[in-house]
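Let's take a friendly walk through this structure together.

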Amino acid sequence: MAGYIIEGGKKLSGSLTVSGSKNASLPIIAGTILINGVTTLYNVPDINDIKITLKILTFLGCKVHKKNGKVIIDTRKMHNHEIPHDLMRQMRSSVVLAGAIIGRFKNAAFSYPGGCDIGARPIDLHLKGFQKLGIKIEENSGNIRCRCDRIINGKINLDFPSVGATENLIFASVLSDGETIISNAAMEPEIVDLQKFLNKAGAKISGAGTSEIRIIGVKKLNEIKYTIMPDRIEAGTLLCGAAITGGFLELKNVIPEHISPVLHKLEECGCKIQTSNRVITLEAPKRLQAVDIKTTPYPGFPTDMQSVFLSILTVAKGTSVVIENIFENRFKYTNELKRMGAKITIEGKTAVIKGAKKLCGAQVKSTDLRGGAALVIAALSAKGITKIDDIEHILRGYEKIDVKLNSIGADIKLYK
Ligand code: EPZ
């Protein structure tokens, strides 16, 4: 397994451009299945989760071409409606492909994505919503087959504003002959980007970004070109890298309001933040102040920033409390931070962090995508050398994060 060797203690300073959003790209790539033609996407990040998703589309019979940030997807010869089990297991979020396949072909087969390092990640809300749309579901030892003659439009209320369930129910409703209303829908910016993408292709969706989304079914969608929004979680991660090293960062191609809760918390920590329409600049204090964090669905503090933000609090002045309200097992990475000298106690969904003066470099391993990113951020300021193993988790969701951080003063070496 590959790893990073990081020499800590370097103050980061400089300017970076944020890549395209992983969590907007994945559903939008799935959404191309609804277009019986050729779709061109720009600003798609070059990360492993995208590679897996494109591999599944190829398996389903699509023709896929990817060069740098441009991806061309031709679905005209799509013939298979079954997502392969081994690829489902590799990436839970591939469950949104099911909604798109059902939306176009009215039948799909896939396996339970299964839990991962951050929680059980059930799909009950997806399946309950499908049933509300008249989709018949057969389950048999972990395999799920969905089929319907036509989508029965109607009103669906989500018990929880699940991002994936919202995306899946939009997909299933776009090509239908009636109106579907999703209430208590997820309000994340990635849902807004998905609505923009589908409406550009001729869909009639409104309300994304609010808790009620209306989809008026249409007969077909047209071929389009579309540019993916910037990755707000990468943006927050890079800002935390500058913050923990007492540095300076100018971030370009970012939408500040997508991460305003993170910016407010960085200001509470003592950082000076300036924003314009697509630029954020951060100037960090010598030492951060402790703050308290509670993750909630958008527009609250994002769960995907919980681990990275907690890592900067390990060397803040004072004691911080972090409460993780979205996933039931998203503190696993803190055991690795403790090996670096972090003082963290976990009680259920609450972490209490006593700020240390400095962390020390150690041998650690990444447990999941955002937990791995937290270790990189902590290593930037730790005294001495940190070795991070199993960085495949990090490569799933961050495009060249080592190259980016090195370009502003970090010392990260990749080893295979
Ligand atoms: C999306 O995951 C993101 N992934 C996650 O980012 C993100 O953490 C999450 O939304 C919340 O913002 C992608 O967009 C590819 P959910 P998703 O359905 O859709 C429970 C990252 O690091 N739930 O909103 O899987 C679930 O267990 C990843 O980039 C049910 O109980 O998240 C969780 O506790 C990690 N039943 C909560 O809801 C369901 O049917 C939020 O899940 C569905 C979800």
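Around the ligand there are 23 residues, with Asp 124, Leu 125, Ser 162, Asp 304 and Ile 326 the closest; a residue counts as near if one of its heavy atoms lies within 4 Å. This is a predicted model, in which local features need pLDDT of at least 70, side-chain atom pairs count only at pLDDT 80 or more, and totals for chains, interfaces and linings use all residues. Residues are numbered from 1 along each chain as its sequence is written, and side-chain values use heavy atoms, with hydrogens and water left out.

What classes of residue make up the shell around the ligand? The shell has 10 nonpolar, six polar and seven charged residues; here Ala, Val, Leu, Ile, Met, Phe, Trp, Tyr, Cys and Pro count as nonpolar, Asp, Glu, Lys and Arg as charged, and the others, Gly among them, as polar. Domain 1 (3-19 + 231-415) and domain 2 (22-227) both contribute to this shell, so the ligand lies between them; the domain bounds come from an automatic or database domain assignment.

Now look at the backbone. A polar backbone atom of Leu 125 is 2.7 Å from a ligand oxygen atom, and one of Val 163 is 2.8 Å from a ligand oxygen atom; a polar contact is a pair of N or O atoms within 3.5 Å.

Asn 68, a residue other than glycine, has a positive phi near 50°.

Notes. Polar contact = N/O pair within 3.5 Å; in protein donor to acceptor, adjacent residues only side chain to side chain.
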